[in-house]
Amino acid sequence: SSFKIVMEGAKYFEEGTGCYAEGKFMEALELYNRAIECDSSSYMALNAAGTLHLNLLKDYERAKQLFRKALEISDLPVIRMNLNLAENKIRENGGEL
């Protein structure tokens with residue numbers, strides 16, 4: 001059922017957050033991605049994955065995409081702030097928005 005899949009997504013997000021806290025960032029990213037696959041409306045997983053793309057992988061374009069998707073679902077100030085950071089990094093590196 002779709003409820004079961006959403007709950008599975010929540011479990012992946014929780015596991016990802018645990019890995020993040022332990023400094024296992026790539027493992028956390030993989031779990032956040034799984035959470036998003038299970039529940040594409042998980043703005044928390046989208047934001048968390050975006051944050052890792054922004055700060056760890058320096059993949060500002062992917063971070064921007066994830067933050068924009070998260071903002072479509074939830075207009076939290078922290079997500080808007082993260083999107084601004086990603087867009088600033090793209091500009092600093094001579095990229096187009």
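A residue counts as buried when its relative accessible area is under 20%, as exposed when that value is over 50%, and as partly exposed in between. Keep those words in mind for this tour of a predicted model.

**Stop 1: helix α2**

Select E30 and R34. Both residues lie in helix α2, four residues apart, which is about one turn of the helix. How accessible is R34? Its relative accessible area is 35%, and because this falls between 20% and 50%, R34 is partly exposed. E30, at 47% relative accessibility, counts as partly exposed too.

**Stop 2: from helix α2 to helix α1**

Now for the rings. A search of the whole structure finds two aromatic pairs. For the one to view here, select F13 and Y32: their rings form a tilted pair, 5.6 Å centre to centre, with 35 degrees between the planes. This pair links distant parts of the chain, since F13 belongs to helix α1 (residues 2-21) and Y32 to helix α2 (residues 25-38), 19 residues apart. Are these two residues buried or exposed? Both F13 and Y32 are buried.

Next, select Y20 and F25. These two form an edge-to-face aromatic pair, with 5.0 Å between the centres and 65 degrees between the planes. Y20 is partly exposed, with a relative accessible area of 37%, and F25 counts as partly exposed at 31%.

**Stop 3: around K11**

What lies over the face of Y12? Here you will find K11, at 5.2 Å from the ring centre. The side chain of K11 also meets that of E15 in a salt bridge, at 3.8 Å from N to O. E15 and K11 are four residues apart in helix α1, so about one helical turn separates them. K11 has a relative accessible area of 43% and is partly exposed; E15, at 36%, counts as partly exposed as well.

**Stop 4: helix α5**

For the last stop, select K89 and E92. They form a salt bridge whose closest N and O atoms are 3.7 Å apart. Both sit in helix α5 (residues 77-92), and because they are three residues apart there, about one helical turn separates them. Which of these side chains belongs to an exposed residue? E92 counts as exposed, at 58% relative accessibility, whereas K89 is partly exposed, with a relative accessible area of 32%.

Terms used. Residues numbered from 1 in each chain as written. Predicted model: local features only at pLDDT ≥ 70, side-chain atom pairs only at ≥ 80, totals over all residues. Heavy atoms only, no water. Phe/Tyr/Trp six-rings, centres within 6.5 Å; stacked < 30°, edge-to-face > 60°. Helix = DSSP H or I, 4+ residues; strand = E, 2+ residues; numbered from the N terminus. Buried < 20%, exposed > 50% of the residue type's maximum accessible area, 1.4 Å probe, protein only. Lys NZ or Arg CZ within 6 Å of the ring centre and 35° of its normal. Salt bridge = Lys/Arg side-chain N within 4 Å of Asp/Glu carboxyl O.
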